[in-house]
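Please examine the sequence and the structure shown below. The paragraphs that follow lead from a single residue to the strands around it and then to the chain as a whole.

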Amino acid sequence: MAAYITQVKTLRRQLLRNAQATGAATARSSQGPMIFNELWGAAAIDATNLWTTTVEGTGTVTITTSTTRRVCALNTVAADQRAAIDSSLRSIFVPSGAASTAEIYKRLILEWEMQFSANEPGGNNRTAFGLVGGATNMSREANDLAAFGFLADVMQTVTDKAGTETETASLVSPTITNWNLYKIVVRNAAIDFYINGSLANTHTTNLPAVPLNAGFNIKRGVADAAVIVNIGAARMWLEDE
């Protein structure tokens with residue numbers, strides 16, 4: 001094993017020398033994931049205060065095990081109620097509106113797996129999943145957002161700066177009862193939204209100008225059917241290019 005490790009280190013040094021000699025770019029540097037769903041316990045959201053929960057009425061936030069993964073289930077239970085989780089980890093990166101050589105980090109990325117138990121996305125203009133700024137918990141009514149939401153049961157991408165919004169219908173329309181992979185990429189002058197690897201929208205207006213943390217919120221409307229939102233793996237990280 002020691003000989004193998006030595007060979008790997010030698011090969012890595014040689015690759016770096018070759019890259020420097022040819023002017024090739026070295027590998028992208030990143031901070032590494034800040035949030036891991038492995039921290040979700042068997043019976044509670046976590047044991048180390050990485051997440052906070054918000055429920056209204058009989059709403060619940062529970063940890064369950066599906067056939068393929070451990071999930072955090074958000075359940076509004078009854079009409080006009082809410083269930084949400086928010087990360088207590090807040091990114092240091094804030095969109096500045098222009099690229100800068102004086103900044104280490106250039107991108108903030110949030111990625112997560114999500115499934116709805118029914119084709120009912122909760123209260124329109126109430127449900128939101130993604131990034132929220134300041135000390136505010138995630139909700140569709142919150143200021144400073146970069147999130148997915150719904151309007152008339154159509155998936156939207158939303159950016160909000162201090163209460164002024166840009167809201168656009170998603171170019172990708174997933175079957176929400178399937179497991180789908182969602183990603184938000186925050187850059188200095190734009191925010192990109194992806195679903196299953198395909199670009200859903202790019203926003204360049206009303207970008208939040210405050211540090212952001214992850215949040216997932218379902219709020220059921222008075223006339224809406226019951227729905228549970230399952231959150232699978234979730235991670236957030238920073239990149240320097």
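Is Q81 buried or exposed? The model is a predicted one, and in it Q81 has a relative accessible area of 14%. Because the cut-off for a buried residue is under 20% relative accessible area, Q81 counts as buried.

The position of Q81 in the chain is the next point to consider. Q81 belongs to the loop between strand 3 and strand 4. Setting aside the neighbours within four places in sequence, the residues in contact with Q81 are E56, G57, T58, G59, T76, I218, K219 and R220. One of these residues, T58, is also reached through its backbone: the side chain of Q81 comes to 2.9 Å from the backbone nitrogen of T58.

D80 has a positive phi of about 60°, although D80 is not a glycine. With a relative accessibility of 37%, D80 counts as partly exposed, whereas Q81 is buried. A positive phi also occurs at D144, a residue other than glycine, where the value is near 60°. D144 is located in the loop between strand 6 (128-133) and strand 7 (145-151). D144 is buried, and its relative accessible area is 14%.

How many residues of strand 4 are buried? Six of the six are, so strand 4 is largely enclosed by the rest of the structure.

The partners of strand 4 can then be taken in turn. Strand 1 pairs with strand 4 (residues 82-87) in the antiparallel sense, over five bridges. Within this pairing, W51 stands opposite S87 in strand 4. Strand 13 (residues 212-219) also runs antiparallel to strand 4, and five bridges join the two. Here A83 has I218 of strand 13 opposite, and I218 is also among the residues in contact with Q81.

These pairings form part of a wider arrangement. Which strands make up the sheet, and in what order? The sheet is open and has seven strands in the order 1-4-13-6-7-8-9, with antiparallel pairing. Strand 1 (51-55) and strand 9 (164-169) are the edge strands, each of them pairing on one side only. On average, neighbouring strands of this sheet are turned by 25° against each other, with direction ignored.

The protein chain has one helix and 14 strands. Of its 241 residues, 44% count as buried. Among contacts in the protein chain with a separation of 6 or more, residues 24 or more positions apart account for 67%. The protein chain exposes about 11500 Å², of which carbon and sulfur atoms supply 53%.

Terms used. Residues are numbered from 1 along each chain as its sequence is written. This is a predicted model: local features need pLDDT of at least 70, side-chain atom pairs count only at pLDDT 80 or more; totals for chains, interfaces and linings use all residues. Side-chain values use heavy atoms; hydrogens and water are left out. Two strands pair if DSSP finds at least two bridges between them. Helices (H or I, at least four residues) and strands (E, at least two) are DSSP runs, numbered from the N terminus. Axes are lines fitted to C-alpha atoms, for helices over the stretch in contact, and angles run from 0 to 180 degrees between N-to-C directions. Buried means under 20% relative accessible area, exposed over 50%, partly exposed in between (1.4 Å probe, protein chains only). A polar contact is a pair of N or O atoms within 3.5 Å; within protein, one must be able to donate a hydrogen and the other to accept it, and residues adjacent in sequence count only if both atoms are side-chain atoms. Contact means heavy atoms within 4.5 Å. Accessible areas come from the Shrake-Rupley method with a 1.4 Å probe; for residues, only the protein chains shown count as cover.
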